[in-house]
Amino acid sequence: MVANSQHAGSVDMLSVNNMTTSGTIADGWAPKVLLITAYRWPTTSRLALALSEAGLTVEALCPVGHSLARVKFVSKTYRYGALSPLRSLRNAIAASNPDLIIPSDDTTAAQLHELHKLTNATDSVSNKLRSLIAHSLGDPTNYPIFYSRAGIASLAHAAGVLSPTTTNIRNHDELFSQLENIGFPAVLKSDGSFGGMGVAVIDTRAEVKHAFGKLTAYYSVARALKRLIIDRDANLFLPFLRRSRPQLSIQRFLPGKRANAAVACWKGAVLAQVTVEVIASNEATGPATVVSVIAHPGMSQAVERMVRALNLSGLCGFDFILDSADGSAHLIDFNPRATQTCHLLSSERTQPVLSLAAKLRGLPPVADDHLVPHRGPIALFPHCLAYAPKSHSSIYTETDLPSKSPELVEIGLEFHRRNNRFLAKAFRLAKGNNTNRVE
């Protein structure tokens, strides 16, 4: 339950309640955000730093052992329990009483949506909880479509946004029937997946059954135990116990470059967005590790139309393919949570995190001519710490190194040590090339 407070209301009320008689925001008041995550990703700590640098008070709901509990710019942390996530969310929201909730992964975003659905507005406390979630994420009536790839594609078409037709399939017969129309290569996707883990590009008939079986399989006990013991991640246990099977869809393969947009929005209007082209990633469909900031009117227009159609608020992201023939932007995915580039500076000198912070303070969006955007290529944290002197990555001179936070730099180094990708000279190289900072 949410404790009674003026901060549980809308942004308009927040601004009014924290203004002086002169009509300006009261000195020393900093809106509070509750950053939530189900995973121990260091990118979430990088996001927390950006939120703090934007003048927000940051608290976090995270698993035990997360780096968020070790950094000074997070004022308080709450324990996330993967086996009782909704209780964790409810308790943390009640204790924190934030002005805004920011999910940093699809798992916690979906759990927030579920909490809204299961909470009946029968009293003032429950109503405030529901209002806070809607206030943070946007119109609740659209939540079900967030996790339907076919639904997002259909909405994109209705909004005039280029997007490959995406069709739900239930079995092998439907899959092969669709392949007769689409042809090879094609893309299979599972609803609710993220980070490229639920995506398979199939080039031949021989690959079809294997890809279908892999993406529709029940979560195995072996995989769940591995994630628990090796990765200290219990998030697969509930899907395993429920024997849930994801919805699968098929999409025409589009040749071209990957790109994405990180967005701050409010009640269906874009506050700021940064659009980037993906230069390198962990895997072909995985998260980006190196990006270049670009200006692409087609992407920006598509983002504005989708944000309006979904009536979104908070931080979110959209994935695109830039057609190899004409460079047109085709929407291929929607991320209903903060993405890893939302702290970068756009070609228009705006930054999603700064603009969202300004909105919470009741101020206009931030656009500062003194800020110099770095187009890149930019190696994102923590991957900027994995440079090897003779590797392909060593050509990148701009990095996302948070040099003002030595504790976060050390967390990034530990991440690479655990993943056996750290080299002795990585820290010195990355530190010497730190130019991608927003002062």
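Strands, helices and one isoleucine

In this predicted model, strand S6 (residues 186-190) and strand S8 (residues 248-252) run antiparallel and are joined by five bridges.

Me: What makes S6 and S8 count as paired strands?
Reply: Pairing requires at least two bridges. Five bridges join S6 to S8, so the two strands pair. One of the positions involved is Leu188, whose bridge partner in S8 is Ile250.

Me: Why are S5 and S7 called edge strands?
Reply: The open sheet of four strands has the order S5-S8-S6-S7, with antiparallel pairing. Strand S5 (166-169) and strand S7 (199-202) each have a single partner strand, so one side of each lacks a neighbour in the sheet. From one strand to the next, the twist averages 25°.

Me: Which strands does helix H7 touch?
Reply: H7 packs on the sheet and touches S5, S6, S7 and S8. Its direction makes about 10° with that of S8.

Me: Why is H3 described as roughly perpendicular to H4?
Reply: The axes of helix H3 (residues 85-96) and helix H4 (residues 106-118) come within 10 Å and cross at roughly 80°. Roughly perpendicular covers 65 to 115 degrees, so the term applies to H3 and H4. Residues making the contact include Leu89 and Ile93 of H3 and Leu112 and Leu115 of H4.

How values were computed:
Residues are numbered from 1 along each chain as its sequence is written. This is a predicted model: local features need pLDDT of at least 70, side-chain atom pairs count only at pLDDT 80 or more; totals for chains, interfaces and linings use all residues. Side-chain values use heavy atoms; hydrogens and water are left out. Axes are lines fitted to C-alpha atoms, for helices over the stretch in contact, and angles run from 0 to 180 degrees between N-to-C directions. Angles under 35 degrees count as roughly parallel, over 145 as roughly antiparallel, 65 to 115 as roughly perpendicular and the rest as oblique. Contact means heavy atoms within 4.5 Å.
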